[in-house]
Amino acid sequence: MRIDKFLWSVRYFKTRNIATTACKKGHVRVNDQVVKPSREVYPMDKLIVRKNQINYQLLVLDLPESRVGAKLVDIYRKDTTPKEAFKHDDLLKFAKDHYRKKGTGRPTKKDRRNIDDYLDESE
């Protein structure tokens with residue numbers, strides 16, 4: 001089975017086209033080698049998939065016939081991603097929340113609407 005089809009069928013990507021794009025960008029590795037979307041995957045292959053700034057590590061257990069339900073995904077792959085990868089993701093969320101301080105830089109659309117509403121009320 002092709003790597004892009006496998007990643008789509010075990011629900012790591014919403015569409016097969018997104019999985020293909022990820023392979024072309026070099027975000028997917030099989031046995032520590034960057035692969036093309038047409039690369040065949042076999043049981044016991046080790047995959048590394050970079051998605052949302054997290055390197056997911058997977059072990060292929062079996063190949064599904066087609067896209068499977070979320071409850072059946074564990075039959076076909078084993079997730080060996082370390083816990084530290086998800087802790088790093090939590091830190092990134094906190095950093096994004098405090099990236100722009102209130103009142104610095106250009107006003108956002110919401111800020112502009114609030115200013116317009118305030119000016120309309122004062123008239």
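Tyrosine 56 is buried in this predicted model, because its relative accessible area of 15% falls under the 20% cut-off. The residue lies in strand E4. Setting aside neighbours within four places in sequence, tyrosine 56 is in contact with Tyr12, Leu47, Ile48, Val49, Lys51, Thr81 and Phe86. Alanine 85 stands 29 residues from tyrosine 56 in sequence, while their C-alpha atoms are 8.2 Å apart.

The largest nonpolar core comprises 24 residues. Those with the most contacts inside this core are Ile3, Phe6, Leu7, Tyr12, Phe13, Val28 and Leu47.

In soluble globular proteins, nonpolar side chains tend to be buried together.

Phenylalanine 13 is among the core residues with the most contacts inside the core. Apart from neighbours within four places in sequence, phenylalanine 13 is in contact with Leu7, Trp8, Ile18, Ala19, Ala22, Val49, Lys51 and Arg67.

The sheet is open and has five strands, ordered E2-E1-E3-E4-E5, with antiparallel pairing. Its edges are strand E2 (33-34) and strand E5 (77-79), each of which pairs on one side only. E1 and E2 run antiparallel and are joined by two bridges. Arginine 29 is placed opposite valine 34 in E2.

Conventions:
Residues are numbered from 1 along each chain as its sequence is written. This is a predicted model: local features need pLDDT of at least 70, side-chain atom pairs count only at pLDDT 80 or more; totals for chains, interfaces and linings use all residues. Side-chain values use heavy atoms; hydrogens and water are left out. A nonpolar core is a set of buried Ala, Val, Leu, Ile, Met, Phe, Trp, Tyr and Cys residues joined through side-chain atoms within 4.5 Å. Buried means under 20% relative accessible area, exposed over 50%, partly exposed in between (1.4 Å probe, protein chains only). Contact means heavy atoms within 4.5 Å. Helices (H or I, at least four residues) and strands (E, at least two) are DSSP runs, numbered from the N terminus. Two strands pair if DSSP finds at least two bridges between them.
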